[in-house]
Structures are given as structure tokens and as C-alpha cells.
Amino acid sequence: MRIAEIYLGNLAYNIAQIRNNLRPGVKICAAVKADAYGHGAVRCAKTVIECGVEFLSVATVDEGIELREAGISHPILVLSLCDAEEMDALVKNNLTPLVGDVEYIDLIEKAAKKIFNSKSEKNSEGAISANQEKFIVHLAVDTGMGRIGCLPCDAKDLAKKIAASQFISLGGVCTHFASADETSKKYRDFAQSQVEKFSAAINSIRAEKIDAGIVHCSSSAALLDRPEWQFNMVRPGIILYGYNAGKITSEYLSQKGIKFDIKPVMALVTNVSALRHFTKGMSVSYGCTWTSDKETKIAVLPIGYADGLLCRSSPGIEVAINGKKYPVRGRVCMDQCMAEIGMKSDVKRFDRAVIFGPEESGALCTAQDLADAQGTIPYEILTCVSKRVKRVYL
Ligand SMILES: *Cc1c(COP(=O)(O)O)cnc(C)c1O
């Protein structure tokens, strides 16, 4: 057995925690990109919508189409740039792109013109709504992330270009922080400089009497740490799924007087497929990197790196079986790994074994613990849980 249990109640709980920390009227744009950080985009999107989230965000056009085909009609931001051949589908499915240069705006305008001029396509499923006069885009301003968006000094001209278009309109303006999840002065100063450039860009647009629409910049880290940067909308991702962004931990926030308690949403669960009796001197897995120094028992678990248990993590993973933690020994294989349970444990064949998850799953580790042991971040642990691990919604 290899499953990912998704505790949707915890997702709803986390949304409520976020909402508690927002200023009145601030919208939430929930990141459900990368299959909702591995949790399953459609189910998670439907849950967060039930919780009152106003916007969703994805990385690709295909991810947006998956949500539209599941009947979701909320606004969906596409956070990464799309290819030329995706533009028609982007517009047809009424997905909202981030734009930041003239050429890209022209391509989107062309696609919008084509769709608006063809009535039959306009009325197809998930399409631009009939009463919508223009296709909405958000202007991305690069204030220091160096990824997408225009320079702050070019924001005004691009906003003018969009405002003058017959087919597209400006629904919002955004930027993205490069170091908001750090707490040292150097990084805080950098984030501060980003928000100042962003504010200047917004002001330059408004000075042209152009409505900037929904102004948004904060992902998980900044929205809690810097409530004054919430503007009209925030874009949480990792905190929806129960993990803190970088150094913005619950302890750090509580020192600042911010109450924020979130719960992991995913549990990665397997079971014991066999128990092996080892005498002293027997080795485990490829490379024989671990050898028993005494008589012991080994539990074989049918989960490996092809399921998302990163192979660089061995040793380092501990698995919870019947309320106790046992260390994984030797290298993690593609489809299996082995844990040492010792001579005295009561572990039986087919007992449930939890790699990480919320307390109620029986887990004794979180994805943060795994990430720490492996020199990575919970984002990677969660998004690496592969397709063959069935998502079970609870
Ligand atoms: C992924 C992403 C987010 C969410 O980030 P978290 O750190 O998971 O909160 C927000 N905005 C943009 C542009 C992103 O790419």
C-alpha cells in the first residue's frame, strides 16, 4: 500500500487561520499549482472555494484547464508564462495571465481578438462569459525576483497599452518577493525595497488615471509577517497545506504577537509488506551501506523514491508504526525501503506505516522534519509525491 491521505478538514482549518490574519476585504488567491502542491488540484480547489477563497492560481494553462473541466468558474491566475500555442486555450478558458512585456501582451491581445470575434467558440464550455467585454490580464512588475514582469519604470506604459486595448483589460497588478521568507535584516531590507518599487509602479499607473485593479504581492511568508503589504489580495501556497514558509515559523510569528496555527494536510502512508529476521552482519539495500551489528528485525515497506521518498534521504527517514518511530536503514530503493524495528516491537505484517503527516494520521514526523533531514524544503517533499501514490480524501 502506498497512499497520500488528504485531510481536507485541515485545509479548511488552515484557510480559517489565514483569514483571521487578513485585513478586512483582502481577497485570498489560493495556489493550487503543481496539483495543489501534490494534494490534488481539483479536490483542494473545491474545498478552498467552499471556504470562501476568491481566486485560484496555477502555473500552467493545462493546470487551469483541469480546473475549468471540473466545473470551477472562479478566476484563475496563471503564474508562469505560457507558450505561443497555448494562448488560444488560455483565453478560451478565461484563465488570467500575468503579463510583463509588449510582445507577450500583443500575443494575448491577438488571441483574445480571435476568440471574441468567433461567437461559437465564445460560447463553448468554460469559456469567457458572454457578458464579459474584455479578457482580463494582470500586470506583473519585477521588483527584484528577476523572473517575470516588467521593470517598475515600464509599468505605466504597459498599463496604458492594456487600458487602450479593445480586447484586453487590466484586472490587477502584482509582484513577487525574492526573500520574504527570511528574517535577517539584509533580506528584510530587500523585501522592503521591493515593496517600495512596487508601490511606486502602482502610483505611476494611478497617476495616468488608470485603475490598477487588484493589487497583490504577498505569498505565504509576507502575508503573515508583513500584514501592511496585503494590499487587495494575498497569494498563499505552502501555508494552505500546513507548512511554514522558510523562517516565518509559528514561533517567529507568535513572538511578534501573531497567532497562527496550521496543520499538515497530507499524510504519506504505506504498510509493512514483510518482516525479516536479521542476524548480526546482514546488510540492507544497494551498496550495502548498512549492516546489522546485532540480531534485529527489518520491516520491508513498499514505498520508494518513485513514490516521492527522495533517495538522498537515506539514512534520515523515520517511519511511524503503531505509535513508535523506526529508522529507515540503507538506501531507499525505487519502490521499497526497509526500516529497522528491532527484536522487541509488536509490529505485524500489513501494519500501517506513516512517513509524514498530521498527528491524526498516526505520523510522528512532518514533511518539515523530512525536509530538514534532507537539506530541502517542505515544498519539494510534498510536490515529489508521485502520481502512482493514490490520493485518498478524508
Ligand atoms: C507559488 C507562488 C505563490 C505561493 O507561494 P508560497 O510560498 O507557497 O506561499 C505565490 N505567488 C507566486 C507568483 C508563486 O509563484
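Predicted model: local features only at pLDDT ≥ 70, side-chain atom pairs only at ≥ 80, totals over all residues.
Is Tyr37 buried or exposed in this structure? Tyr37 counts as buried because its relative accessible area is 5%, and the cut-off for buried is under 20%.

The protein has 394 residues, of which 53% count as buried. Its secondary structure amounts to 13 helices and 19 strands. Taken along the principal axes, the C-alpha atoms fill a box of roughly 80 × 50 × 35 Å.

A ligand is present, and the space that it takes is the largest pocket. The residues around the ligand are Lys33, Tyr37, Leu79, Arg147, His176, Ser219, Ser220, Arg235, Pro236, Gly237, Ile238 and Tyr379. Sorted by class, this shell holds 5 nonpolar, 4 polar and 3 charged residues.

A polar side-chain atom of Tyr37 lies 2.5 Å from an oxygen atom of the ligand. Arg235 also uses its side chain: one of its polar atoms is 2.9 Å from a nitrogen atom of the ligand. With Ile238 it is the backbone that takes part, as a backbone N or O atom of this residue lies 2.8 Å from an oxygen atom of the ligand. On its own the ligand has 390 Å² of accessible area, and the protein covers 90% of that area.

Tyr37, the residue of the opening question, is found in helix 2, which runs over residues 33–37. Its backbone has a positive phi of about 50°, although Tyr37 is not a glycine. Most residues other than glycine have a negative phi. Asn322 is another residue with a positive phi of about 50° that is not a glycine. Asn322 lies in the loop between strand 15 (318–321) and strand 16 (324–329). With a relative accessible area of 44%, Asn322 is partly exposed, whereas Tyr37 is buried.

Arg147 belongs to the shell around the ligand. Arg147 is exposed because its relative accessible area is 57%, and the cut-off for exposed is over 50%.

Glu5 lies in strand 1, which covers residues 2–6. Although its side chain is charged by class, Glu5 is buried, with a relative accessible area of 8%. The side chain of Glu5 makes a polar contact with the side chain of Tyr7, at 2.7 Å.

Ser179 is found in a loop, the one between strand 7 (168–174) and helix 9 (185–207). At 5% relative accessibility, Ser179 counts as buried. A polar atom of the Ser179 side chain lies 3.3 Å from the backbone oxygen of Tyr187.

Conventions:
Residues numbered from 1 in each chain as written. Heavy atoms only, no water. Near = heavy atom within 4 Å. Polar contact = N/O pair within 3.5 Å; in protein donor to acceptor, adjacent residues only side chain to side chain. Areas by Shrake-Rupley, 256 points an atom, 1.4 Å probe, with all protein chains shown as cover. 1 Å grid on protein atoms, 1.4 Å probe; cavity = no way out; pocket = protein on both sides within 12 Å on 5 of 7 lines; lining within 4 Å. Sits in = over half its atoms within 2 Å of the grid points. Helix = DSSP H or I, 4+ residues; strand = E, 2+ residues; numbered from the N terminus. Buried < 20%, exposed > 50% of the residue type's maximum accessible area, 1.4 Å probe, protein only.
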